[in-house]
Amino acid sequence: MWKSLDGGVPILDDPTLQFKMLPFRSRPETNLEVTVFRVETGQITEGDVEVAVTLAQMKVLTENQLRRLYQDKFEKGHKLGTRLRFLQQIGWFDGWYMESEFNEREYVWSIGIAAKNYLGFVMGMHDLPNPIALAQNISHYLPICAVNELRIQLLQKGIIAKEDFLLYPHISPNEENPLALIRMKTPMGSIVMYIERLQQTKKPLRFMKYKLKRYLNWIEREGRLPSPYPTDNPPIMLWSCGTEEAVCEIVGSLNHLPDEMIHLFLIDEHMADVRTAFRMAVKGENPGEVHLKQFIFDFLDN
């Protein structure tokens, strides 16, 4: 098991986590007409709809992440927690808790069937999360929470806008779609990063080799990785990872990091402030030797 420098295990990369879906006191009524009535009568408020839209766009968030996003609207965290649990009972949200010997209990939230129906049929939103798929294996969606942490911190710093982050939450590897794409507007122009998650429960070395091969084939055909955002700067590969130990072991097991791409690593154990979380990995002269160097984007100081 890969651990952080303090001996802990980052919660979003903890292979020992146990999950349990929050129970219902009775089967919730998720009929669309009932849900619309609840919205029209204020049982489901405008704020509740706003949180549902955020969850639909970000797919899955921890309760801690939701509290930080809505800290101005919910002054005390328990008020948000109480509201989430009420709305879970009527099928507007779905919730789970996760815990292990390394991590205290934390909650994970996504939209429920009632919110999915309302957002889709009434508000016309597309690409909504599938509550049934989430319920079947919520642990598969923790990488989305991990990349959303980057998204949230950059949104709060004013570095990106909502449209500067594209999430492709596919469980299976897919050449055309990384886990996420992000555009950061900098004094030197836009920087686009392809984001992939190296999760220790998902054979990260094999996954990284697979994605590198696919991206190298793409670069050979097209000359560079494509980007939906216009920029003269070549896209950067950003590998999201739990710990420094994980990066060193994974990179140390590779023959080399391809020079056709710029590689950065975003490490959970340093994500208290995203500014300190980027690393470059340099392979040493000895087999398996890897040196990590902190990489700082100066514009993140703002």
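User: What makes Phe121, Val122 and Met123 a patch on the surface, and of which kind is the patch?

Analyst: In this predicted model, Phe121, Val122 and Met123 form a nonpolar patch on the surface, and together they have about 320 Å² of accessible area. A residue needs over 30% relative accessible area to belong to a patch, and Met123, with 40%, passes that cut-off.

User: Where does Met123 lie, and why is Met123 called partly exposed?

Analyst: Met123 lies in the loop between α5 (113-122) and α6 (131-136). Buried means under 20% and exposed means over 50%, so the relative accessible area of 40% makes Met123 partly exposed.

User: Why is Pro287 called exposed?

Analyst: Pro287, in the loop between β10 (278-283) and β11 (290-294), has a relative accessible area of 84%, and because exposed means over 50%, the word applies to Pro287.

User: How do you know that the span of helix α8 agrees with its number of residues?

Analyst: At 1.5 Å a residue, the 19 residues of α8 (residues 204-222) should span 27 Å, and the end C-alpha atoms are 26 Å apart, which agrees.

User: Which residues of α8 are buried, and what puts them on the same side?

Analyst: Pro204, Phe207, Met208, Lys211, Leu212, Tyr215, Trp218 and Ile219 are the buried residues of α8. They cover an arc of only 130° around the axis, and therefore they lie on the same side of α8. These buried residues pack against β7 (189-198), β8 (236-241), α9 (244-252) and β9 (262-267), whereas the face turned away from the buried side carries the exposed residues Arg206, Lys213, Glu220 and Arg221.

How values were computed:
Residues are numbered from 1 along each chain as its sequence is written. This is a predicted model: local features need pLDDT of at least 70, side-chain atom pairs count only at pLDDT 80 or more; totals for chains, interfaces and linings use all residues. Side-chain values use heavy atoms; hydrogens and water are left out. Helices (H or I, at least four residues) and strands (E, at least two) are DSSP runs, numbered from the N terminus. The expected span of a helix is 1.5 Å times one less than its number of residues. Buried means under 20% relative accessible area, exposed over 50%, partly exposed in between (1.4 Å probe, protein chains only). The arc is that of the directions from the helix axis to the C-beta atoms. Contact means heavy atoms within 4.5 Å. Patches are made of residues with over 30% relative accessible area and no salt bridge: like charges are joined within 9 Å, nonpolar side chains (Val, Leu, Ile, Met, Phe, Trp, Tyr) within 5 Å. Accessible areas come from the Shrake-Rupley method with a 1.4 Å probe; for residues, only the protein chains shown count as cover. A salt bridge is a side-chain nitrogen of Lys or Arg within 4 Å of a carboxyl oxygen of Asp or Glu.
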